[in-house]
Amino acid sequence: MNEYDSARLAALLEFRGWLPAINAEKADIILVNTCSVRAKAEESAIARIRDLKPLKERNKSLKIGVLGCMAKNRGESLLKDLPFLDFVLPPNSQLSTLNFLPTLNSQLSSNSQLSTLNSQLLFAKLANNYSAFIAIQSGCNMKCSFCIVPYVRGMEQYREPDSVIKEIEAAVAKGVSEVTLLGQTVNGYRCKGLSFAGLLKLAAGVKGIERIRFMSPHPKLYTNELLEVLLGEPKIAPHVHLPAQSGSNSILKKMKRQYTRENYLSIVEALRSSNPLYGITTDIICGYPGETEEEFEETLMLLREAEFDGAFMFAYSPREGTSSALEKEFLTEAQKKARLQKTIDLQNSITLERTRLLLGRFEKILLEKPSRKNSGEWVGKTGSFKKVIVPAQPDFREGMYVDCVIEGINGHTLRGKVSG
Ligand code: SF4
């Protein structure tokens, strides 16, 4: 989402006549877009900003601004701690950012429409030449106890369907065939009577689109209508990153996640009973305040039951400004790390089993790029988000779909051969 915001702002600036500097030394303005989701992200951003101070000392007219979630979270204190900064602005303030900059083109600068999420500026954040990210929603109405996002991104805002579809069409015009719809709780999307399921159907109708992905959905917001579209629309890739966070109902309640392990598993069951190879990945937090050994075991059981294809796993770390940061922690860092390691070990073995299920199967893969390790091979992805290496062929190009048979496995990576 942050990459998308940065690219969108860059597009707005370019539209107004600003160009990317060759390097920081040559820049008139430096904007640092920041993330607040983990304390570590803020620390790295502050270190990067401090590194810019000598530039400002050498070039007094240089403007340095901090944008994004950390700007919102730390606000004025950033200006106090880093007095060489010229401004700090929260997320979704592209217009304000532009107002802070010297105007190069007065005619364009009066067009404030460009600043909104529903801007008519045809823009798509191209992850590469064949795939684009499209933001459809920002903010979050949930209040998970460990998460800072609702405080820094605010309440949910939805982008108008017309604007989303125009952006997808603009991406297709640049050669894109795969889009990923983005939002903090992407499946909470609703605008002008259209649900997320309805928007997916509209997106699937765009000529030239072959694969649709989305992230991140919230388990509470899965509806029957959505499941029907996910399982019935062939252009929607059979993969979801569905954050579970814990397998224990008591911990889920403390986390204010608003679903139970049974609710969660019923989504997994619906997806996998229709397609046993449906890719499901997740996020897990180990060692939440007060997590007992039994509650931790319930998380391990969830991993086994859901048979995740992969997971991002973290040891709990308190985030200042969230309600869980006020809860007393009983586990030591070493105990949390030990639980994390146990979780990673179990998930690695499950990932391997899930990946092995593809051996001998025919899969359509989207070719991404030549392999870095061996120029005689290409890397591609299945719809279920599994990486496949195939021997190169002379007509291979980025963004091409090829059918292959999966013949082997190396680590967690599949090896295939183009069929036909
Ligand atoms: S759903 Fe929960 S974890 Fe996700 S962004 Fe919202 S508050 Fe944070």
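At 9% relative accessibility, D309 counts as buried (buried is under 20% relative accessible area, exposed is over 50%, and partly exposed lies in between, with a 1.4 Å probe and protein chains only). The model is predicted, so local features need pLDDT of at least 70 and side-chain atom pairs count only at pLDDT 80 or more, while totals for chains, interfaces and linings use all residues. Residues are numbered from 1 along each chain as its sequence is written, and side-chain values use heavy atoms, with hydrogens and water left out.

The side chain of D309 meets that of R354 in a salt bridge of 3.0 Å, N to O (a side-chain nitrogen of Lys or Arg within 4 Å of a carboxyl oxygen of Asp or Glu). R354 lies in helix α15 and D309 in the loop between α14 and β14 (310-315), so the pair ties together parts 45 residues apart in sequence. Helices (H or I, at least four residues) and strands (E, at least two) are DSSP runs, numbered from the N terminus. R354 is also buried, with a relative accessible area of 5%.

An α-helix has 3.6 residues a turn, so residues three or four places apart point the same way. K336 is buried at 0% relative accessible area, whereas E333 is partly exposed at 48%. Salt bridges that share partners join R272, D309, R354 and K386 into one network.

The structure holds 19 salt bridges. One of them joins R339 and E293 at 3.2 Å, N to O. R339 is in helix α15 (residues 333-356) and E293 in helix α14 (residues 293-306), 46 residues apart.

Which residues of α2 are buried? They are E42, A45, I46 and I49. Seen down the axis of α2, they fall within an arc of 100°, so they line one face of the helix; the arc is that of the directions from the helix axis to the C-beta atoms. The face turned away from the buried side carries the exposed residues K40, E43 and R48.

The buried residues of α2 pack against β1 (29-34), α3, β2 (63-68) and α4 (69-74), where contact means heavy atoms within 4.5 Å. In helix α3 (residues 53-58) lies K56, which counts as buried at 13% relative accessibility.
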